Amino acid sequence: MTEAEFRDAFRQHKDVLFRFAYRMTGLVETAEDVVQDCFMTLWRKPEAYQQERGALRPFLLGIARNLILKRRRGDRPQEVLDDEALICAPLDVMEAERGEAVATAVAQLPLLQREVLVLAEYEEIPLEQIAQTTGAGLAAVKSRLHRARQNLRRMLAPLLEPKGVSYGTKR
Amino acid sequence: MEPNDDVKLQKLLKEWKAPEAPGSLDRSVLEWPQMRQTWWRLFVRGYIRVPVPVACCLALLIFFAGFEFTRRVTPGAPCVAASAPVGQPVARDLDRCRPAQSCS
């Protein structure tokens, strides 16, 4: 990879990677570190990216995802990742600002649901590319996205429903 | 009901804005290719990672090498004879050393 190609790749993908890392970790500093490590990997091992296997963006997002999971495992070694069936309880969002409430709700999602939701809803990445990024099957991605939306609807019910309507928890 | 909900949900989700990537990210990442360009820049600003055990061994090695070097270079303790002031006679009782002679 030439220097010009590297610079192009950085300019083209740094924002998507940063937003993804930020929404996954909730911290600007950590997101910055993740993006930096991601491009360092590309710079040091450009042969790891094979053009015929797909576009650069899912490849970089895959690296970022692995870095985030690695950090998370370091912080919480006992955490189980495959808690896809987890049902989130409604949040007390009436006092919080709407944007903050959404951030809190997304942060409550299980990691595998959160990554799919962030990539699909915020970055508008096609599900096939999300499957490529996460190393999961298309059906699993669809199912995680569906569960994530269900959980968010439940958590953010007070902000979605007209005032006075209560939203029960389906457990 | 769900499609309508989805539109509402999507709108609500978009209310959470992510911050812009900080400028320090550009500076730190775009520096690497420049560092490769010029060897002297790497020499001046580059760094290497050394594992702690290797660093400890190197430090010990350097310490002992330095110790050994200084031990060899430092001259030995001065000779007692050489340190005596020149020109002063040393009194010796020679008679005591000789066997007794009889005067006949």
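At roughly what angle do the axes of α1(A) and helix α5 (residues 111-122) of chain A cross? Keep that in mind as we look around.

This is a predicted model, in which local features need pLDDT of at least 70 and side-chain atom pairs count only at pLDDT 80 or more, while totals for chains, interfaces and linings use all residues. Residues are numbered from 1 along each chain as its sequence is written, and chains are lettered from A in the order in which they are written.

**Select chain A.** You will find eight helices and zero strands (DSSP runs, H or I of at least four residues for helices and E of at least two for strands, numbered from the N terminus).

**Now select α1 and α5 of chain A.** Their axes (lines fitted to C-alpha atoms over the stretch in contact, with angles from 0 to 180 degrees between N-to-C directions) come within 10 Å and cross at roughly 140 degrees.

**Show the residues between them.** A:Arg19, A:Phe20, A:Arg23 and A:Met24 of α1(A) make the contact with A:Arg114, A:Glu115, A:Val118, A:Leu119 and A:Tyr122 of α5(A) (contact means C-beta atoms, placed from the backbone, within 7 Å).

**Finally, bring in chain B.** Here 28 residues of chain A are in contact with 20 residues of chain B. On the chain A side, α1(A) gives the most, with 10 residues. Other helices supplying at least two residues each include α2 (28-44) and α7 (138-155) of chain A.

Note on methods: Contact = placed C-beta atoms within 7 Å.
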